[in-house]
Amino acid sequence: MSPATASIPFSLFRGGTSKGVFMPAGRLPPDRAALATVLLDIFGSPDARQIDGMGGGDKLTSKAGIMGPPSVTGADIDYLFAQVGIHHPEVDFNLNCGNLTAAAAAYAVHEGFVAARGSHATVRIHNVNTGRIIEAKVPLRDGAVLEDGPLAIGGVPGTGAPIALDFSRATGAITGTLLPLGSASSRIEVPGHGPLDVSVVDGPNLIVLAAAEDLGMRGIESPDEIDGNAELTGLMQRIRETVAIRTGLGDYWRGRAAPSTPMLVAVQSPRDYRAYTTGERIAADDVDLVCRQYSTSATSKALAATVSAAIGMACRIPGTIAAAHLRPDRAGPLRLGHPCGTILVDAAARHDGEATTITAATIQRTARLIARGELFPGNRQARSPHA
């Protein structure tokens, strides 16, 4: 296959604390298995360094957005998210990345899917993975995306212009219901551990909330401390697997070496800790809930945006483990502490008897276009992707 016929146009974006390669859907195979093979080649997977591709050897930088015209009414653009495996030849399409959703919104304006008029462009993004629509407000200046601004994000150097992402319409993204186990808190039996209280919340992503102390954690551990504790990560995996089976994801879980969902979040009441990347002190007074996110065999250095939104939803549901550890009587945006800093979530819910409706779940991210060009996938056939 020659470069002239194999090239694929791309845009490289940072979105929030993630980085992704964005490509037009019309230049890629529509079949998920064939698409997975191409993406593995583009990212240089499987390989710990991803030296022969666009990946950065970290799950936050091994991501892709497949973009195209909207396929549903009420959307401006289609966005298919792909989490590309690093150590395993598999690509996961079973979830959305909220951080890259900010970049998807910027992409929509850059590529003319939405007109750049006024001070902001409203972009209605159809996340193909979950079938949900996320509304984004992209700041503009002189008919172009504005990237410079005052918003600082833990885990990202410098500041940028805020892109507001509204996930309130994205509940039940994985299982179809906000509380897939039927209640705000449930006791599950975890093999090799015994009973454990968890809250399972399906917002824009499916999360399992557990109290840090119930996992033998302080709750302020660094990603390296968690990943270096084989007993702890083994327990986390068993919890995730138990919930996957309970929520109907057993086949998905058993079919992958490193399944992405459900994501485990260990929560703790406000504590002082040091930022993973800078060593700066994060004071307990500056956070309302401390969180550590674990999935795909590794601890995240920053909270995923969709996970942050789901945690915010959980905080507004009485009886969840998140609500129990939240700073008492916290009104206004919630300050969630993660290894690299904090993220704000403006979340609200309406309760009508036993029914809960999420009325707000907004976070602010920044995005930056880093590069544009052509990709030249290899012609390696030694792949066994699971799409």
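A charge sits over a ring if NZ of Lys or CZ of Arg is within 6 Å of the ring centre and within 35 degrees of the ring normal. With that rule I looked up Arg 292, whose charged end sits over the ring of Tyr 273, 4.6 Å from its centre, and then Arg 32, whose charged end sits over the ring of Phe 93, 5.1 Å from its centre.

I note that this is a predicted model, in which local features need pLDDT of at least 70 and side-chain atom pairs count only at pLDDT 80 or more, while totals for chains, interfaces and linings use all residues. Residues are numbered from 1 along each chain as its sequence is written, and side-chain values use heavy atoms, with hydrogens and water left out.

Next I looked for disulfides (a pair of cysteine sulfur atoms within 2.5 Å), and the structure holds 0 of them. Cys 97 is in none, as the nearest cysteine sulfur, that of Cys 340, is 15 Å away. The sulfur of Cys 291 is 7.0 Å from the closest cysteine sulfur, in Cys 315, which is too far for a bond.

Last, I turned to aromatic rings, where Phe, Tyr and Trp (its six-membered ring) pair if their centres lie within 6.5 Å, and planes under 30 degrees apart count as stacked, over 60 as edge-to-face and the rest as tilted. The count comes to 3 aromatic pairs. Phe 13 and Tyr 107 are edge-to-face, because their planes stand at 65°, with centres 6.4 Å apart. Phe 22 and Tyr 107 are stacked, at 5.9 Å centre to centre and 25° between the planes. I recorded Phe 13, Phe 22 and Tyr 107 as one aromatic cluster.
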